[in-house]
Every structure is written in structure tokens, then in C-alpha cells.
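Dear colleague,

Please find below the structure that I am handing over to you. My findings follow directly after it.

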Amino acid sequence: MSTGQLPVLADVKDFVREHLARTTFPTEFLDRAIDGGRRYVEKEGNWWWMRATATPVAVVNQQNYTLDDSAPTGWAISSFKDAKALMTKKSADTEWSPMEFGTMSLDEATLHWATDDDGIPELAILDNRTIKLFPPKPDVAYQFTLFYWQWTLNPALNTGSDDLIKRFPEALKYASMEYACEMELKDYQAASYWKAKLREEVIKIRRHNFLREQQDKITIVPMTGPNQRVRRLRLTSNIWIGSN
């Protein structure tokens, strides 16, 4: 990499290629190692460069939607990793209503709502790759905005870059070396060395990610009664401190 230039994908490839030049590592496995390295980094957490937004639409009386398929019964989010926030509104409305996503188990939600309950969606549950809305029968074609984290890909061109490569190129380099040594060369001692190097970079990424996420405030609501709270959706179900 030339002085004064921000890192690009080619710099990561050069690093890996140079360290593996004295081995029998095939050059055609280079991209595979770097792709695997990115996945190693992204398995460590939900990082800022993985944020994404989707705007699906509900179908009247349709409860189930797949993540992968396209509309009308799919949300077309094949790269989905984790949900951050979900909200909904009627098309003519100007204000969004918050929804809960993944805060209740499927069996509990099924007990809470009747099969013919309709109205504005209050809860979404991800069951494998299927999204289930509750109440189960939307009465109109509600609009959604889903904020989520997605798995990302390396740039298509060697001259390409992104925030991971620009800000923490060493993380992708070390993760790629760990993948190459572990998955291709079966050199587990070398893989352990690069894994330790990656852990150091992940600590730096996590610290920076925390600073970026500070705007997500935690609201603490005083409890009433003898150390108990109540579920918003099941007013007869108490939640006690320490319960799961």
C-alpha cells in the first residue's frame, strides 16, 4: 500500500499472499480465505458496517413471510443476521408504531392471540427463516421498516474498500490468515497464532462499535409491587427479577 492511501481489498490480498507464498496454498483459494475471514470477523458481533434497512409490506390476513423470498409473501432479506428494531404504519399515516421483534417465544405468542385476531401487527417472531406476525391477520396492507444487521461481502474489485477494510484492515488480514491456516492448510498451530492476533483487533472493533452505538439509550422504568413487572402483551403474566 502506498503512503497516504487508504487500504483497499488488494492490500489484504497482498498480505495473505505474501505470508502463504512459501506454502502449497493454491492461489485460487485466496478469495475463499478472505471471504471466510470476513465471516470470522462478523461472527464476533453486530458491527456498524453491517447495518441495513428493509421496507416490506404486509398482506391482508397473511401471517407468515419468508426472509428470502420476494414480495408479497417474502421480505427478500437473504443476508439477514439479527434484528435491531421494527416499526409499522398504515400507508396513509405519517407516524410509525413500534413493534416487538423476537421478545416472545412462538408458543407463548400462539397462546396469547386467537387464530382470527386481526388489527395492526404488534409482534414479529422469526421462526427459522419464517417471520410470523401477531395478531395473525393484518386488517390492511401495513408498511414496515426493519432495521437489522446483515452479513456483508468483500468488495468485488481489488481497488474496492469498505469501513472494515479502511478502519481495521488488520482484522480482515488476521482473520483471513486464520481461515487459510485452519480450513485449507490444516496448520492449527499457525491458525491459533492468527486467531490471537484477531482477538486483539476484535477488542478494538468492539470498543469503537460501542462508541457508535451510544445513542441507543437504555430506559429504566420503576417497578411497582414487590419486585415484579408485567409483560406488555400478557397483562396477567408476571415477570419476577431473576427469571428467564
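Of the 244 residues in the protein, 39% are buried. Please note that the model is a predicted one. The protein exposes about 14,400 Å², and carbon and sulfur atoms supply 51% of that area. Among contacts between residues at least 6 apart in sequence, 64% join residues that are at least 24 apart. Six helices and eleven strands are present in the protein.

I turn next to the sheet. Seven strands form an open sheet in the order β1-β9-β3-β4-β6-β7-β2, and their pairing is mixed. Its edge strands are β1 (51–54) and β2 (64–66), each of which pairs on one side only. From one strand to the next, the twist averages 25°. In general, the strands of a sheet pair through backbone hydrogen bonds, in either a parallel or an antiparallel manner. Within this sheet, strand β3 (residues 80–89) and strand β9 (residues 143–150) run antiparallel and are joined by eight bridges. Lys89 stands opposite Gln143 in β9.

The second topic is helix α1, which spans residues 9–19. Its buried residues are Leu9, Asp11, Val12, Lys13, Phe15 and Val16. In an α-helix there are 3.6 residues a turn, so residues three or four places apart point the same way.

Asp117 is located in the loop between α3 (106–112) and β5 (118–119). Is Asp117 buried, partly exposed or exposed? Its relative accessible area is 25%, and Asp117 is therefore partly exposed, given that buried means under 20% and exposed means over 50%. Leaving aside residues up to four places away in sequence, Asp117 touches Pro135, Pro136 and Lys137. For one of these, Pro136, the C-alpha atom is separated from that of Asp117 by 6.2 Å, although the two residues are 19 residues apart along the chain. The side chain of Asp117 also reaches the backbone nitrogen of Ala114, at 2.9 Å.

With kind regards

How values were computed:
Residues numbered from 1 in each chain as written. Predicted model: local features only at pLDDT ≥ 70, side-chain atom pairs only at ≥ 80, totals over all residues. Heavy atoms only, no water. Helix = DSSP H or I, 4+ residues; strand = E, 2+ residues; numbered from the N terminus. Buried < 20%, exposed > 50% of the residue type's maximum accessible area, 1.4 Å probe, protein only. Contact = heavy atoms within 4.5 Å. Areas by Shrake-Rupley, 256 points an atom, 1.4 Å probe, with all protein chains shown as cover. Pairing = 2+ DSSP bridges. Axes fitted to C-alpha atoms, helices over the stretch in contact; angles between N-to-C directions. Polar contact = N/O pair within 3.5 Å; in protein donor to acceptor, adjacent residues only side chain to side chain.
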